[in-house]
Amino acid sequence: MPVQKDRLVTEFEKLVSFDSESYHERKIADYLKAQLAELGLRVTEDRADEGLIREGVISHGPEHAGNVYGTLKGTAPGSPILFSAHMDTVKPGNGKQAVICEDGRITSAGDTVLGADDAGGLAAILEMLRVLREDGIPHPDLEVLFPIAEEPYGQGSRVFDYTQLQARKAFVFDLSGGLGRAAAAAPTILALQVTVKGRSAHAGFCPEEGIHAIRIAAEAMASLPSGWVDESTSINFGIISGGTLRNIVPDRVSIEGEIRSLDHEKALALADRVRTVFEETAARYGGSAQVRADVQIRAYRTDPDSETARDFHRACRETGLGEGELVDTFGGSDNNHFAQHGIEGLVVASAMQNVHTTEEYTTVSDLVKVAELAVALARKEERKEE
Ligand SMILES: [Zn+2]
């Protein structure tokens, strides 16, 4: 096969070695820009970081970067294709090192994530570009987007300027689990912020003068679902804090939670229910409640008969990954934002396991397979011309 295993693994190790936790992508962005330019792409970096500073999402920092975007002129006709993988990692992601075991398994040194999420995707895309060039493989116009800050709900791809994109189909290399799968649907994610207000009073002398905010919060939560609401919707209250002293009736509780649903309207309806339950419960005790539900990303579903899906199945067959399976995921990705801009994308399984933990790993053979899959996706289909 044209993919060069040693070169690919060396590239993966290099990408892993960058400290690139979200909003600290400066060094890896510079490196990737240089690689893309060397491979003949026209490369730009936007000012996503400055936009996010203006929005108040982040404050100034020396290690910020923008989204890296490159274009490569096609050598054959065909609709343009966008390839994407994100530059950031979750924590703990500083001082990462790829440890290659004899059996081909690649882990971190144990005290950080490996960062195969998403260095595996980045390495596959770079190797694909190298192979296309070396072997003169015909391909349509290609676009490459390496966003910043995917992990915090895709903040980089949210503010990217999509008017410059030609592609209407995308392959996002950012799905964990077995190869040969691709996510064709992902959820709306709503961030919940609940504040319950009561009234404080001394709990020993005059508890009757207090309005117990924790009691209100507990009762409201107990009458709401937790976990799966139906097969495509889930809710979780993950953080709760309130109260000041053991002998004081607590006057304030704040709760943070999340709603996910493959159906956007269902997510909104559930948020309304949360709001109603908290408000009514608080009112019954003479307190008040405020519920904010912010849409972080929006659900999408890519048509299984789309050109993107057909390309994926063909590429899977060509690389010995069977027919290729389209699945639903309950995780968000940059593809949620792409879908909002009319791009039909799939999130392709890309050689990463146990992501977001220090047990994260990949394997040499999976890295090679994913790079081969990327080549097959970019290659102009030979059998028929449109
Ligand atoms: Zn990822």
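Two strands pair if DSSP finds at least two bridges between them.

## Basis of the model

This is a predicted model, in which local features need pLDDT of at least 70 and side-chain atom pairs count only at pLDDT 80 or more, while totals for chains, interfaces and linings use all residues. Residues are numbered from 1 along each chain as its sequence is written. Helices (H or I, at least four residues) and strands (E, at least two) are DSSP runs, numbered from the N terminus.

## The three-stranded sheet

Three strands form an open sheet in the order β4-β5-β17, with antiparallel pairing. Its edge strands, each pairing on one side only, are β4 (99-100) and β17 (361-363). Between β5 (residues 105-107) and β17 there are three bridges in the antiparallel sense. Thr362 in β17 is the bridge partner of Ile106.

Helix α10 (residues 364-378) lies across β5 and β17 and runs at about 70 degrees to β17. Such angles run from 0 to 180 degrees between N-to-C directions, with axes fitted as lines to C-alpha atoms, for helices over the stretch in contact. Residues are in contact if their C-beta atoms, placed from the backbone, lie within 7 Å.

## Cis peptide bonds

The bond from Lys91 to Pro92 is cis, with omega near -10 degrees. Pro92 belongs to the loop between β3 (81-84) and β4.

Asp117 and Asp118 are also joined by a cis peptide bond, with omega about 20 degrees. Asp118 is part of helix α4 (residues 116-135).

Tyr23 is not a glycine, yet its phi is positive, about 75 degrees. This residue sits in the loop between α1 (5-16) and α2 (26-38). Tyr23 counts as buried, with 22 C-beta neighbours inside 10 Å. The burial classes are buried (20 or more other C-beta atoms within 10 Å of the residue's own), exposed (12 or fewer) and partly exposed (in between), with C-beta atoms placed from the backbone.

Tyr153 has a positive phi near 60 degrees and lies in the loop between β6 (142-146) and α5 (155-158). Tyr153 is partly exposed, because 19 other C-beta atoms lie within 10 Å.

## Helix α3

The buried residues of helix α3 (residues 48-55) are Ala48, Asp49 and Leu52. They fall within an arc of 100 degrees seen down the axis of α3, so they line one face of the helix. The arc is that of the directions from the helix axis to the C-beta atoms.

The cover over the buried residues of α3 includes α5.

Technical notes. Contact = placed C-beta atoms within 7 Å.
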